[in-house]
2 protein chains.
Amino acid sequence: MKRRYLMTPGPSPVPSFIREALAQEIMHHRTEEFIEILKETNENIKYLFCTQNPVVTLTSSGTGAMEAAVANLFSAKDKVAAVCGGKFGERWLEIAKAYSLDTIQFDVEWGTSPSVEKLKKIMDENKDLKGILTTLSETSTATVFDIAALAALTKGTNVLLVVDAISGLGQDTLKSDEWGVDVVVSGSQKGLMLPPGLAFISVSPKAQNAMKTATLPKYYFNLTKALKAYEKNDTPWTPAVSLIVGLRESLKAVKQEPMEAHWARYQKMAQGCREAGASIGLKVYSQSPSSSVTAFRVPEGINAKDIVKKMRREYGISIAAGQGDIEEKVIRIATMGWINEQDLLMCFSVLEKVLKDMGYKFKLGASVARLQEVLYS
Amino acid sequence: MKRRYLMTPGPSPVPSFIREALAQEIMHHRTEEFIEILKETNENIKYLFCTQNPVVTLTSSGTGAMEAAVANLFSAKDKVAAVCGGKFGERWLEIAKAYSLDTIQFDVEWGTSPSVEKLKKIMDENKDLKGILTTLSETSTATVFDIAALAALTKGTNVLLVVDAISGLGQDTLKSDEWGVDVVVSGSQKGLMLPPGLAFISVSPKAQNAMKTATLPKYYFNLTKALKAYEKNDTPWTPAVSLIVGLRESLKAVKQEPMEAHWARYQKMAQGCREAGASIGLKVYSQSPSSSVTAFRVPEGINAKDIVKKMRREYGISIAAGQGDIEEKVIRIATMGWINEQDLLMCFSVLEKVLKDMGYKFKLGASVARLQEVLYS
């Protein structure tokens, strides 16, 4: 009789109207019917990416699309800067190194947005810099990076701005074309309300141009092949048909709301989340908090993993602990995709109960009341 | 009111007991509950692969697992032979070339199994040969290759035998360990009765040893990372959770039947299919026909693609035309996964009707009667 509630930064809950689509009878991917679906999702996903560039759908986790970006844009020894302010920035660094790029590790204090001045300096000092690999919402620290400012740096230069928006897309404002972001990568299991298994990558004309001379080996993630198929609403390999049928429903739902209103909804939830936590003494970890996920430092003497375990085992509610060095020091609560205000209220009610049981002192109900104030203002 | 019937060699039909599993509420992949599922699927998939080697589950199409094999087993300039007897053998060649391997293109007449003598000669003349890349069931020509004979050649040598069993696994006999196959690759959308989106790769100790010195770049498909996670029933990246929940149901069903009986069931269907076609003058294309799919030469003056179109548009039945040079010359009917005798009877009934409408002369009912004789013998 235990109900499950997902408040984790991916996978996030999948609504029943999408789950029903996933359960439909399978169709063949080389039929007029499926081509129509792919045509629709190819068009509608541009809305979410705020771009007129092609957005290619890949069958993989988001990490596969990150690798696709590196393997298709660069050649061995090309110089790139990987912005490392958390686990997912480090993933960029690892991928770039796996492909023998000449990698500048640009360390950023966890929980902060990268310094635009310092990145500008790197660009000035490295005239041969080919790309900056960075993150919209660094899930591990629940931090949003100022992508608009970074794009202003790279726009009109030869440097490609490549953004991992896997967890941020849909919640954290990202105006790909208006800002001039070259490549945006995302996945299905966050803002898109789908199970994991699809990844997406948008490719600007500047990035497509870079692809022409890039020589790193690739096959499954070959974007030249993928773009050629994309023109005909096709895919080079058998795609995850059922997930794409689900994607159609997801994008239909997303398109019902102007993007500004869409972002505002999550921003308000994230703000409510932060203020609710603060009202019971939980300090927000990030100095540049994401709208997709919020990280709180846990009270002295309590292990974040114990909070997570108690919430999951006793109440079926999944939140996340930290990652890396802060694994035991923070808890993370997502506000993405299908997660709504009611989920957040429920989550804080139970979080209060769990913290109380663990001996933490605060006024029961305070965070829920604060959350109501923000949400219902 | 049009019902859809899938008789294509992938995607093949997904039964409702699996589709219901796909539609379950999503769960987080780092929970005890999901680890239990992965533990079960990791164990049970060995049964289908007839191996005690680890079988890693990847989130990708089968092609991704083919790339994983190449990128993890070899280094640039390593010499490999790619057995090219159809589109999927050519895919091995393309992947090997994309990764700058020293590639021997071993051409095999389409519709035949590779000559063991000729391959032995290649091995004798190329003492530095590192691997043979081949196929169990070459879907494009509906041809099964004699993997047992090839394994007898490579067993005890330094040459790795790497087999694409994407469409063949479950229908065409493959005794990985007994024969000594080093690496077997498969996908979810054929014998496993799932939607596309998962791929599998088994890795023998000899192959794991080769991985230690292989230097090709890889990240998402890094099997060293994947095997490390596998030991803990984990995955390095977010897996396609819903497909793995479906995989559990699929493997439970597969395990209810001894593998010999399982193979025999499809072999009988494929035999029935061949004899049914022959009884109305359709010549079987392959000289070494697969049990997973059967290709027939279409009658003089009829285009295979027109048959496929009519069957799909007028009756909702999807069969496949040929691929490559034989695209318009053959039709292909699958006998894999959830496809059963009744489907086959239905398919031949309608195929007769369509051929009759196209002006082809034969005795109506002949193929269905012949099929019944074989199936009910």
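The largest nonpolar core here has 242 residues, and those with the most contacts inside it are A:Val183, A:Val185, A:Ile201, B:Val183, B:Val185 and B:Ile201. A nonpolar core means a set of buried Ala, Val, Leu, Ile, Met, Phe, Trp, Tyr and Cys residues joined through C-beta atoms within 7 Å; buried means that 20 or more other C-beta atoms lie within 10 Å of a residue's own, with C-beta atoms placed from the backbone. This is a predicted model, where local features need pLDDT of at least 70, side-chain atom pairs count only at pLDDT 80 or more, and totals for chains, interfaces and linings use all residues. Residues are numbered from 1 along each chain as its sequence is written, while chains are lettered from A and ligands numbered from 1 in the order in which they are written.

**Confidence**
- Chain A has a mean pLDDT (the predictor's confidence in each residue, from 0 to 100) of 97, and 100% of its residues reach 70 or more.
- Both ipTM and pTM come out at 0.96.

**Inside the core**
- Skipping neighbours within four places in sequence, A:Val183 is in contact with residues including A:Leu73, A:Val162 and A:Ile201; contact means C-beta atoms, placed from the backbone, within 7 Å.

**How the two chains pair up**
- The same surface serves both copies, as 100% of chain A's contact residues recur in chain B.

**Where they touch**
- Chain A gives 46 residues to the contact, and chain B gives 46 residues.

How values were computed
Two residues are in contact if their C-beta atoms, placed from the backbone, lie within 7 Å. A residue is buried if 20 or more other C-beta atoms lie within 10 Å of its own, exposed if 12 or fewer, and partly exposed in between; C-beta atoms are placed from the backbone.
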